[in-house]
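Open the model in your viewer and keep the selection tool ready. Each stop below gives something to select and says what is there.

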Amino acid sequence: MMKRHIRCYFMMLASVLLMFTSCANHPDVPSSCKDAKCLPAIFPDYCDVTVPYNIAPLNFMLPIDEYEECVARITTSDGKEQTYGDGVKVQIPEDEWRDMLNASKGKSLKVEVWGKKNGEWLSFKPFAINVVEQPIDEYVSYRLIEPTYVAWSFMEIAQRNVTSFEETQIFNNEITMNDREKGQCLNCHSYQNYKTDNMLFHVRLSNAGTVIVNDGKVSKVNLKRDYTISSGVYPSWHPTAKLIAFSTNLTRQGFHTLHNNKIEVYDEASDLILYDVEKDSVIVVSEDPELLEVYPTWSPDGKYLYYCKSAPLPEELRDTDIRGHYQKVQYNLYRRSFDIPTCKFGEEELVYDAASNDRSVTLPRVSPDGRYLLFAEGQYGCFHIRHSDGDIVCLKLEGKELPLVKDSTTAVDLTKFNSEGFADSYPTWSSNGHWIMCSSRRGDGNYSRLYYSYFKDGKVAKAFLLPQEDPEQNTYRLKCYNRPEFMVEPVKISVDEFSKVFQ
């Protein structure tokens, strides 16, 4: 009898706790409020964005220093509604969010927000979250790094499931660092055709080498040859062949004390090479002794290699120290045809002349359908993630026979994707070509975070920030999201497995 009473007591307690939790997660809409006559100043700004049906919950919050409470009511396209709110934050359970997105696929969610300020409830204008049927790639990977790196210690390459909030490490530099004074840098991960059975990342300084995964098997290689200026630096896997294009660079960096850009990253020399994974062989693609070639990327059919190349400098500057004229170095976009069976490259062709417009282009990416070209652009240099004027540009290619654009007359309007006055860089396409992503310092100017936009028929929707389980995480995680890459699957090799190639 006593056991039965105890069991009943705990069942009643659990029921009360469940009821309390339910009320906390699904609060009542305020019975009386004042019309604010404006959209809510939520963070992240998810007002009127367009999202895929498989994205994680778009959790948000009202400014914590202005509001005491927040309540949101979300209504699906079929009329079902639910309320959320806990303090100033709106955090939506993943299963409920998934049901709402599926119910509104191809349509939209209606979001109404109330905020309590100085003891008074305000009612804001409702906004929509448009839900499209084109999914986003389930995974993204990025390097997590401090915004400036005069000195650094811990560094990692991580992967995130964007349909949930799961984040895991691909690798970190503490496991294999054998020289603490020298340190170890991780960078430049790359995948073949969005998959992870063929991939790579670099380890520099202590225990250096390029870690390559070939059909799921891990090895560490040294890409330096006596005829190259360095080992491989910026990579791009060929979409179908076991070939990787690299730039080889003598990269330097300098630090400003007063300038808003804070850091300059520049090359004293750079060439292009092609690495054959099966043969462990390196051939030189381009090595202009007077100009700089960097950031190779393949067309989706693998028949062209696009890359950036510096424009000739005035004669009086050519033999001087680059530190005195780094602002004069500007890059144009070129390509070479490529014959896959013979591994032969064609002659160099100019694709986009940025320098003639006093601009500089870096980090090109061709859309999966071959119709559009994304790149980062600023006034000078090759490292726009540190330049406040850095923006993403998208040009429409003019045809398969001669897809050269030469100028910006075919530019797609990316006003809704770019920020104003902050660095935007590292653009890339999802595997279906309907989502573009960049790393942006918008907001605080220091920390780069990931932004996405829906892309269809040359039109771009408003950018939205990668959602987090706690919206405040976007402000207290003091790391930059560097070189983001879409993936259709996670990296399946563990950190421990990767570390074995360093032993």
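Select Lys117 and look across to strand S8: Lys117 stands opposite Glu120 there. Strands here are DSSP E runs of at least two residues, and helices are H or I runs of at least four, both numbered from the N terminus. This is a predicted model, in which local features need pLDDT of at least 70, side-chain atom pairs count only at pLDDT 80 or more, and totals for chains, interfaces and linings use all residues. Residues are numbered from 1 along each chain as its sequence is written, and side-chain values use heavy atoms, with hydrogens and water left out.

**Around S8**

Now show S7, residues 108–117, together with S8. The two run antiparallel, joined by four bridges. Strands count as paired if DSSP finds at least two bridges between them. Two residues lie between the strands of this hairpin, and Asn118 has a positive phi near 55 degrees.

S1 pairs with S8 (residues 120–123) in the parallel sense, over two bridges. Which residue of S8 is the bridge partner of Asp35? Select Ser123 to see that partner.

**Zoom out**

Show the whole chain. It has four helices and 34 strands. Of its 503 residues, 55% count as buried, meaning under 20% relative accessible area; exposed means over 50%, and partly exposed lies in between (1.4 Å probe, protein chains only).

**Along S14**

Select residues 195–205, strand S14. Eight of its eleven residues are buried, so S14 is largely enclosed by the rest of the structure. Tyr191 has Met199 of S14 as its bridge partner. In the turn of this hairpin, which has two residues between the strands, find Asn193 with a positive phi of about 55 degrees.

Move to the next strand, S15, residues 209–214. S15 pairs with S14 in the antiparallel sense over five bridges. Pick Leu200 and its bridge partner in S15, Ile212. Three residues separate the strands in this hairpin, and Asn207 takes a positive phi near 55 degrees.

**The second largest pocket**

Select Tyr194, Ser236, Thr297, Trp298 and Arg365. Of the 27 residues lining the second largest pocket, these lie nearest its centre. A pocket is an open set of points on a 1 Å grid over the protein atoms alone, with protein on both sides within 12 Å along at least five of seven lines; lining residues have an atom within 4 Å of a point. Strands that each supply at least two lining residues include S13, S17 and S21.

Is Ser425 buried or exposed? Select it in strand S29, residues 424–429. Ser425 is buried, with a relative accessible area of 1%. Leaving out residues up to four places away in sequence, Ser425 touches Leu363, Ala376, His384, Ile385, Ile392, Cys438 and Ser439. Contact means heavy atoms within 4.5 Å.

Finish at Ser153, in the loop between S10 (139–145) and S11 (156–161). Ser153 counts as exposed, at 53% relative accessibility. With residues up to four places away in sequence not counted, Ser153 touches Asn173 and Met177. Last, select Glu174: Ser153 and Glu174 are 21 residues apart in sequence and 8.3 Å apart in space, C-alpha to C-alpha.

Terms used. On a 1 Å grid over the protein atoms alone, a cavity is a set of points where a 1.4 Å probe fits but cannot get out, and a pocket is an open set with protein on both sides within 12 Å along at least five of seven lines; lining residues have an atom within 4 Å of a point.
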